[in-house]
Amino acid sequence: MNIAVVGLSHKTAPVEIREKLSIPEPQTESAIAQLTSYPHIDEVAILSTCNRLEIYIVTDETEHGIREVTQFLGEYSKLPVISLRQHLFMLLHDDAVMHVMRVAAGLDSLVLGEGQILAQVKNTHKLGQQYNGIKTILNRLFKQALTAGKRVRTETSIGTGAVSISSAAVELAQMKVANMAACRVAILGAGKMSRLLVQHLISKGAGQISILNRSRDRALELAKQFPDQPLEIYPLSEMMTVISQSNLVFTSTSATDPILDRAKLEMVLEPKQPLMLFDISVPRNVHADVNELANVQAFNVDDLKAVVAQNYETRRKMAQEAEKILDEEVEAFDVWWRSLETVSTISCLRNKVETIREQELEKALSRLGSEFAEKHQEVIEALTRGIVNKILHDPMVQLRAQQDVEARRRCMQTLQMLFNLDAEEQFS
C-alpha cells in the first residue's frame, strides 16, 4: 500500500480553475463514494478550501490510483484532463506525508501560519471517517497531521497575530481607502470568514457595517458576538439596495455561482459612483465582468498576495522552527508505518501458537478428569497463556524494533520459515 496526494492550490492554479474544482461539504459524500468505487483506491480523504483542493489516497498501485483521481477531477470539473494536468501537483508517500503535515501547520497556506486551515483539516478527517473514505492508514496520517498542526501553534510563535484570508482582505481594503472609519461597509454572508471580517474591520476603525445573509438567525448570531458594535442586519434579498449605499463590499457566501455581476451593479449604481468589492469566496461570488465598470474595482483571493508578501518575511524564521517539529511528527508516522509490515507475521505467529496452546490445554484437561478440570481450569488457562506470552514477547519486540527495512524483512522471512507460517492466512 502507498499514500499519494493529487491536488491543486493557490501556488499551481488561478482562482478560475480552483473554483471549478471546489467540492462543497454537501457533495463530499458522493465524491468519496465515487473515488472509493475505483479499483485501485482503498482509502480517500478530500481537503477542499478556498485556496486548495487535495485528494489523499491509499492505493495498491500508485500509478493507477493517481490516474483514477485525475479522471475523477476531469469529470467533476468538466475540464479536459490534458489542460487540467498542468495545474495539478502529485506527491508520493514520504512527500505526501510531509505535505499534509505542512498544510495542517499552516506552512503551505497563502497566509503563512494562518490558523483556519487546522480546523479545515480536522473537518476533512471527520467527513472522511463519516463517509467511509478514511480507514486505518489515513486515520493515523490525519491524526498525526493534526498533532503536528497543534504543536506548531503552541510551540512556536508563527500563529501570533497571524493573518487569515479575511484579515488580509481588510488589510488590502485599508491600503486602498483613505479613511476606513468614513466608509460604509457591507458583508455578504454570516459564516466564520464573515465573523473574522467584522473583527478585523472593527480593529481598523470601520463603524458602519451591514451584514446580509439568507438566514436572519445566523446573521443575528454573528451580530451578538460584537455587542459593542451596532451591526445592521438585512436579508440577502435587499443586497442590491444595500450595495448601492456602500463604499466597500466583502463577499463570503457558499454560493456556487456568482451572485454579483456587471448587469446587477449597473442597475443600482450612479454613473460615477465608486465601489470596491473584495471577494474571498471560492467559487467566486463576484463575476469578473464587474471590472468593466469604470468606477468599480473588484479583488479576489488571488489579489491578496501583495498583502501576504509583507507578512511572509516576519514569519519565515518561525517557519524554520516549525519544520523541526514536523520532522519529528513525520518520523513518528514513519515508525508506525514500518510496523505495519510486521503485523501479518506477528498475527500469524500468535494465531498458530494460540491454536497449539488451546489444543494441548484441551488434551491435558481431558486427562485430568472433569472434576479437577472444572476446579482448576482458570488457573491452568492463565498459566499456559502466561508461558506463551513470555515466549513470544522478545521476538515480537525485536521484530518491531528493526529500523532497517531489509533487516526487518529478513527477520520476518526467518520467522515464517521456522514456524511454517502463511502470512496471508489471516486475510482468507
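Analyst: The second largest cavity has a volume of about 40 Å³. A cavity here is a set of points on a 1 Å grid, over the protein atoms alone, where a 1.4 Å probe fits but cannot get out; lining residues have an atom within 4 Å of a point. Points are joined across faces, edges and corners, and the volume is the space filled by probe spheres set on them. The model is predicted: local features need pLDDT of at least 70, side-chain atom pairs count only at pLDDT 80 or more, and totals for chains, interfaces and linings use all residues. Residues are numbered from 1 along each chain as its sequence is written, and side-chain values use heavy atoms, leaving out hydrogens and water.

L8, R18, L21, S22, S48, T49, R52 and L53 line the second largest cavity. Strand 2 (41-49) and strand 3 (52-59) are the elements that give two or more residues to this lining. Strands (E, at least two residues) and helices (H or I, at least four) are DSSP runs, numbered from the N terminus. By class, this lining has three nonpolar, three polar and two charged residues. Ala, Val, Leu, Ile, Met, Phe, Trp, Tyr, Cys and Pro count as nonpolar; Asp, Glu, Lys and Arg count as charged; the others, Gly among them, are polar.

The count is two cavities of 30 Å³ or more. The largest cavity has a volume of about 100 Å³. It is lined by 13 residues, and C50, N51, E114, Q120 and I165 are the closest to its centre. Helix 6 (residues 116-130) gives the most to this lining, with three residues. The classes here are five nonpolar, six polar and two charged.

I165 also belongs to the largest nonpolar core, of 40 residues. Such a core is a set of buried Ala, Val, Leu, Ile, Met, Phe, Trp, Tyr and Cys residues joined through side-chain atoms within 4.5 Å. Buried means under 20% relative accessible area, exposed over 50%, partly exposed in between (1.4 Å probe, protein chains only). I165, V185, I187, L201, I211, L248 and F250 have the most contacts inside this core. Its largest share, six residues, comes from helix 8 (residues 165-176).

Another core lies apart, with 37 residues, among them V103, F142, I325 and W336.

Key: On a 1 Å grid over the protein atoms alone, a cavity is a set of points where a 1.4 Å probe fits but cannot get out, and a pocket is an open set with protein on both sides within 12 Å along at least five of seven lines; lining residues have an atom within 4 Å of a point.
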